[in-house]
Amino acid sequence: MTTKTQYNALQELTSKDLHLKNKIVMAPMTRSRAINNLPNDLMATYYGQRASVGLIITEGTSPSPNGLGYSSIPGIYSNLQTDKWKKISTTVHKKEGKIFMQLMHTGRISHKENMPEGARILAPSAVRPSGEMWTDQSGMQPFPIPEAMSLEDINQSINEFTQAAENAINAGFDGIELHGANGYLLEQFLNPEVNKRNDTFGGSLENRIRYVYEVTKAVVQRIGAKKVGIRLSPFNTFNDMPLYDNVYETYQHLVEKLNSLDINYIHLVEGPSLNQDNGPSLLSKIREIFSNTIILNGGYDLERAEHAISSGQADLISFGRPLISNPDFVERLKNQWDIAEANPATFYSPGEKGYTDYPTFD
Ligand SMILES: Cc1cc2nc3c(=O)[nH]c(=O)nc-3n(C[C@H](O)[C@H](O)[C@H](O)COP(=O)(O)O)c2cc1C
């Protein structure tokens, strides 16, 4: 019988671009502890506690004041932010961990009350998401109508992504992950119900893909393809992203383009959207097209992770909620110790509670 420590998921990954001590990845998770959008010591403690995973992907971090849609999320556009992130990368590296920074521009999922003075709520088109979002000052508020980006805004945002990627590398990170999932700016361009543009960034499938491709290409040119990954969530409906006819073709073509850039990995979000009905054929198509690392995510446990890796569907599996409540997650998997449940009430609350105070297994 195979003991858990012999599981493939718990062994090293050695690929041409990545060397990780195991195949367990910490999924990016916004925790809203970055007061004034600045990384801090508490965040260094949190990430340091979790450095036994093969790879940590940080919480969504904004490349621009315009991408700070939620309160107390960090940025990576200023010198001060870049400087403060250094302590986090150093803490993880001291524990022989690896860490990529997720670059998240929230686009239309935003509210002025969450943003610094002068920041703008931008989107491919002036299409308001239905629903409400949290603001610290006034509680739940309806989403505002975003401004449609001009071509100048588009170029500026591409420059912001490339500068942010360079800042992340200067702050000691091993790479960056572009957040192309869950209804934020990059995915807003992909979806024809949200992107109503009639210039070269909207309309045809080729045009809707252009922004994601151009951002990725520019970042690759700046920091090198092996330091770049991207997160995608085909069939996503979260953040008011309606389904559309050619989701499959859109992602097939996008992945072909991303493969031509030779980026390090694609990180796919499964779950309610990409599911048993629509998922398997698209996932195997993506696996076939994309030559480098595939990370799968969404509701995994060790047994499913082992199956996905051993059957060749994925190279790595990322875990979200279990990494919130189990700082020693890898140790627990190896020893078959109980996995603690995370408490949603403290996902985004300030301070140590529900953040750095989850104990290791006793
Ligand atoms: C508190 C919380 C914050 C999250 N923030 C982000 C984020 O900043 N970026 C992102 O791509 N996904 C984010 N996610 C989604 C997770 O990365 C992951 O896809 C999700 O939790 C499903 O994985 P799991 O079943 O292993 O938890 C967040 C999830 C949670 C629970």
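This is a predicted model: local features need pLDDT of at least 70, side-chain atom pairs count only at pLDDT 80 or more; totals for chains, interfaces and linings use all residues.
The radius of gyration used here is taken over C-alpha atoms, and the globule rule sets 2.2 Å times the number of residues to the power 0.38. For a chain of 362 residues, that rule puts a compact globule near 21 Å; this chain has 19 Å, which agrees.

Colleagues, let me continue with the overall fold. Along the principal axes, the C-alpha atoms fill a box of roughly 60 × 45 × 35 Å. The chain contains 10 helices and 14 strands. Of its 362 residues, 57% count as buried. Among contacts with a separation of 6 or more, 71% are made by residues 24 or more positions apart. The accessible surface of the chain amounts to about 14600 Å², and carbon and sulfur atoms contribute 49% of that.

I turn now to the ligand. Which residues come nearest to it? Of the 18 residues around the ligand, they are Thr-30, Arg-231, Asn-297, Gly-299 and Arg-321. By class, this shell comprises seven nonpolar, nine polar and two charged residues.

In the side chain of Arg-231, an N or O atom is 2.7 Å from an oxygen atom of the ligand. The side chain of His-179 likewise places an N or O atom 3.0 Å from a ligand oxygen. Gly-320 takes part through its backbone, with an N or O atom 2.8 Å from an oxygen atom of the ligand. As for cover, the ligand taken alone exposes 620 Å², and the protein buries 88% of that area.

Note on methods. Residues are numbered from 1 along each chain as its sequence is written. Side-chain values use heavy atoms; hydrogens and water are left out. A residue is near a molecule or strand if one of its heavy atoms lies within 4 Å of it. A polar contact is a pair of N or O atoms within 3.5 Å; within protein, one must be able to donate a hydrogen and the other to accept it, and residues adjacent in sequence count only if both atoms are side-chain atoms. Accessible areas come from the Shrake-Rupley method with a 1.4 Å probe; for residues, only the protein chains shown count as cover. Ala, Val, Leu, Ile, Met, Phe, Trp, Tyr, Cys and Pro count as nonpolar, Asp, Glu, Lys and Arg as charged, and the others, Gly among them, as polar. Helices (H or I, at least four residues) and strands (E, at least two) are DSSP runs, numbered from the N terminus. Buried means under 20% relative accessible area, exposed over 50%, partly exposed in between (1.4 Å probe, protein chains only). Contact means heavy atoms within 4.5 Å.
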